[in-house]
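This report describes selected local features of one structure, with the criteria used for each.

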Amino acid sequence: MMSGMLDEITSIQQAFLSGCDRTELFERLLTVVVEMTDSQYGYIGEVSQDQETGQRVLQTRASYGLGTHISRDETYHDLIRSGQAVRNLDNIFGECVLTGKTVISNDIADQMDLVDMPHGHRPITRFLGVPLFANDAIIGMFGLANRPEDYTKDLVAELTPIISTLSTIITAQRSQRQYNHLITELQYQKNALDEHSIVSITNSRGIITYVNDFFCELTGYSSQELVGKTHAIVNSGHHSKAFWDDMWRTIRSGQTWRGIIRNKKKNGDYYWVKSTMMAHKNRQGKIDRYIAIRTDVTNEIEQQFKLQGAVEEAESANASKSIFIASMNHELRTPINAISGFSQMIEEEAFGPIGSQKYLEYAKDIHTSSQLLNSMIDDILHISQLDSKSYEPKSEYLHLRDVTEELLHSFQPAIDAKQLVVKVDIDEALPEIMNLDKNLVLHLFNNLVSNAIKHTPAEGWVRVVWSPSADSSGLQISVEDSGPGFPQDVVDKVGEPFLMGENPYHARHPNSGTGLGLYITKKIATFLGGNLTIGNTENGGFAGVSWPLKPL
């Protein structure tokens with residue numbers, strides 16, 4: 001028996017090496033072992049794991065002489081073709097799989113608790129179950145049944161070549177499945193990469209050996225035109241020698257290089273790619289190829305260039321504006337100061353009576369207008385500083401109530417002239433001393449308070465409120481008054497310069513200001529990272545600014 005079995009095993013092994021169908025090999029091996037042992041039935045199964053339950057199951061690989069499957073009215077051969085598994089291992093087959101031990105039973109009638117075969121299964125009188133191993137892990141089993149003589153351990157020893165061959169074939173089949181799965185996964189990954197990226201591979205000398213379709217589509221070159229060349233074929237000449245030296249030095253050292261490169265298409269157009277380049281080493285640890293993965297970022301780079309150009313134009317325009325404003329400041333202030341001074345002298349009749357009351361009124365209007373022009377120049381200079389970002393904040397620790405009283409003192413003549421009641425409220429939650437830019441606070445305070453005083457009728461009231469901002473992380477100044485309130489068009493256009501209209505808040509009469517107060521206030525609020533809010537109450541109008549700060 002042994003000689004014939006070994007000859008058949010040798011033939012099966014040669015068929016295995018030549019790539020013969022694995023199912024056919026299993027059936028040949030099972031036929032050999034069944035016939036040589038004079039068994040009536042045979043079975044070969046591969047152990048696998050149920051994906052849902054995690055339990056061991058048997059995938060049928062071959063059967064001999066068996067009729068129906070344990071849970072369905074179909075043959076074991078049908079089970080092989082369908083790829084379904086034997087899940088019920090609570091039987092004599094399962095004992096071999098679950099324990100990993102050879103099962104020999106020559107009197108099944110005495111061990112019916114191990115059989116548990118379903119109705120319709122062919123009767124079993126004797127049984128041999130042998131587990132199959134690979135690297136100490138059980139990978140399958142084969143079973144024989146109904147031999148005329150008893151199954152013995154000596155018989156199992158004689159079947160060792162069969163057992164070894166079965167284990168080898170199952171292991172090879174598993175490896176092939178894993179390999180196929182890996183190839184499929186790699187193909188999925190490659191397809192995904194090809195859809196998104198521009199890929200090329202070179203040998204260790206930088207000669208292109210592979211390009212994907214995206215590379216060809218973007219550059220306009222065919223793969224035949226690219227393979228065998230270096231990437232110099234798409235070099236735009238934009239980058240310096242030092243740039244490329246750094247790239248080669250990095251990847252030759254085994255590190256990954258990343259950068260943005262401008263290349264040139266076949267038609268001469270330029271394009272930009274975000275590149276990642278790396279070396280691949282062989283088993284000897286030597287670099288045998290370089291891989292480059294790129295993403296087309298041409299649109300993003302062009303947008304950056306446009307944005308940079310717009311910024312440069314704006315900065316240039318700002319610089320020209322600053323030069324003009326500085327010149328205006330110098331050229332206009334001299335004559336305006338002269339007009340202001342001489343008109344005041346005439347108004348005060350410093351050198352004697354001028355003879356007509358009308359002339360005095362004209363002189364007063366000239367003096368007021370010249371002061372308005374000076375104030376407007378100051379405002380424009382301040383706006384220019386904020387716009388050009390040349391203003392540097394200078395924070396200092398200030399006592400909030402002292403500063404408020406100091407600033408209100410400058411408004412005392414206007415307050416007395418209108419007999420206004422001015423009240424200051426400082427929230428107790430605020431510290432007495434705060435880290436503030438006095439210059440900006442002065443501008444905010446002056447603009448808000450002067451606006452309120454200017455438009456509040458005689459014997460009215462103005463209220464200045466200092467409090468934490470709504471989120472308690474900053475400071476807020478609000479000025480309320482008993483004036484006519486803000487017209488809706490002013491509320492809608494808050495922060496626009498030189499608002500004009502038929503209402504008390506629009507810059508038409510010299511006494512109503514320059515029309516830049518709220519505009520500058522909003523500029524300062526934005527500069528501080530805050531915001532300006534205006535509106536109306538039942539008793540009048542209000543305007544406020546809140547901004548973040550660091551308290552002492």
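## Basis

The model is predicted: local features need pLDDT of at least 70, side-chain atom pairs count only at pLDDT 80 or more, and totals for chains, interfaces and linings use all residues. Residues are numbered from 1 along each chain as its sequence is written, and side-chain values use heavy atoms, with hydrogens and water left out.

## Salt bridges

The whole structure holds eleven salt bridges, each a side-chain nitrogen of Lys or Arg within 4 Å of a carboxyl oxygen of Asp or Glu. One of them pairs E46 with R61, with the closest N and O atoms 2.9 Å apart. Because E46 belongs to strand 1 (residues 41-49) and R61 to strand 2 (residues 56-64), the pair ties together parts 15 residues apart in sequence; strands are DSSP runs of E, at least two residues, and helices are runs of H or I, at least four, numbered from the N terminus. Both E46 and R61 are buried (under 20% relative accessible area; exposed is over 50%, partly exposed in between, with a 1.4 Å probe and protein chains only).

D246 and R249 form another salt bridge, at 3.7 Å between the closest N and O atoms. D246 is partly exposed at 33%, whereas R249 is exposed at 53%.

## Helix 15

Helix 15 (residues 438-455) has 18 residues. Its buried residues include L440, H443, F445 and N451.

## Cysteines

No disulfides are found, taking a pair of cysteine sulfur atoms within 2.5 Å as the criterion. C96 is buried at 0% relative accessible area, and C216 is buried at 16%.

Definitions and conventions
The expected span of a helix is 1.5 Å times one less than its number of residues.
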